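The points are numbered and can be read beside the display.

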Amino acid sequence: MANPERFVVGLDISEKALKKANETYGSSPKAAYFKFVKEDVFTWRPNELFDLIFDYVFFCAIEPEMRAAWAKSMHELLKPDGELITLMYPITDHDGGPPYKVAVSSYEDVLIPVGFKAVSIEENPDSIPTRKGKEMLGRWKKIN
């Protein structure tokens, strides 16, 4: 995703995850166009807001009681008219977690009240075979 026209920030609270990310991608020819930062998404407020946030299964990894706080953070981290892309997984009916089960309504219930509208929700055409039918891609627009 990183390129001269798009600077990308990878965010995690885990020192181990960030170390692995830097080891894996730090020597990439695109390294000048991205950085990894150790911050807590629930409290971090950078100097510059984002045009786009891509949530790759972070939502399903947090306790369901934290989902409203997640939505509030997504809203606060985006510029006006910014977009949020969500990989909604696992759309299953299992107990426990992480990953905790999700549904499209799980996202709607927390995103719409804070000022997002769904632009599109569709099956992920690039799902790996073991995830087919268990994940969707959501595109959300910050409207206020």
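Which residue just after H3 takes a positive phi? Glycine 115 does, with a phi of about 115 degrees.

1. Basis. This is a predicted model, in which local features need pLDDT of at least 70 and side-chain atom pairs count only at pLDDT 80 or more, while totals for chains, interfaces and linings use all residues. Residues are numbered from 1 along each chain as its sequence is written, and side-chain values use heavy atoms, with hydrogens and water left out. Helices (H or I, at least four residues) and strands (E, at least two) are DSSP runs, numbered from the N terminus.

2. The sheet. Four strands form an open sheet in the order E3-E4-E6-E5, with mixed pairing; two strands pair if DSSP finds at least two bridges between them. Strand E3 (50-56) and strand E5 (116-123) are at the edges and have a single partner strand each, so one side of each lacks a neighbour in the sheet. From one strand to the next the twist averages 15 degrees.

3. E3 and E4. These strands run parallel and are joined by six bridges, E4 covering residues 78-88. Leucine 52 is opposite glutamate 83 in E4.

4. Helix H2. H2 (residues 67-77) packs on the sheet and touches E3, E4, E5 and strand E6 (136-142). Contact means heavy atoms within 4.5 Å. The direction of H2 makes about 135 degrees with that of E4, where axes are lines fitted to C-alpha atoms, for helices over the stretch in contact, and angles run from 0 to 180 degrees between N-to-C directions. Its buried residues are Arg67, Trp70, Ala71, Ser73, Met74, His75 and Leu77; buried means under 20% relative accessible area, exposed over 50%, and partly exposed in between (1.4 Å probe, protein chains only). Their cover includes E3, E4, H3, E5 and E6.

5. Helix H3. In H3 (residues 104-114), Ser106, Tyr107, Val110 and Leu111 are buried. Viewed down the helix axis, the buried residues fall within an arc of 95 degrees, so they line one face of H3; the arc is that of the directions from the helix axis to the C-beta atoms. An α-helix has 3.6 residues a turn, so residues three or four places apart point the same way. Asp109 and Pro113 are exposed, on the face of H3 turned away from its buried side. H2, E4, E5 and E6 are among what covers the buried residues of H3.

6. The core. A nonpolar core is a set of buried Ala, Val, Leu, Ile, Met, Phe, Trp, Tyr and Cys residues joined through side-chain atoms within 4.5 Å. The largest has 24 residues, of which Trp70, Met74, Leu84, Tyr107, Leu111 and Phe116 touch the most other members. H2, E4, H3 and E6 are the elements that give two or more residues to this core. Leaving aside neighbours within four places in sequence, tryptophan 70 has contacts that include Phe42, Leu84, Tyr107 and Leu111.

7. Methionine 88. This residue lies in strand E4 and, at 0% relative accessibility, counts as buried. Not counting residues up to four places away in sequence, methionine 88 touches residues including Val102, Tyr107, Ile121 and Met136.
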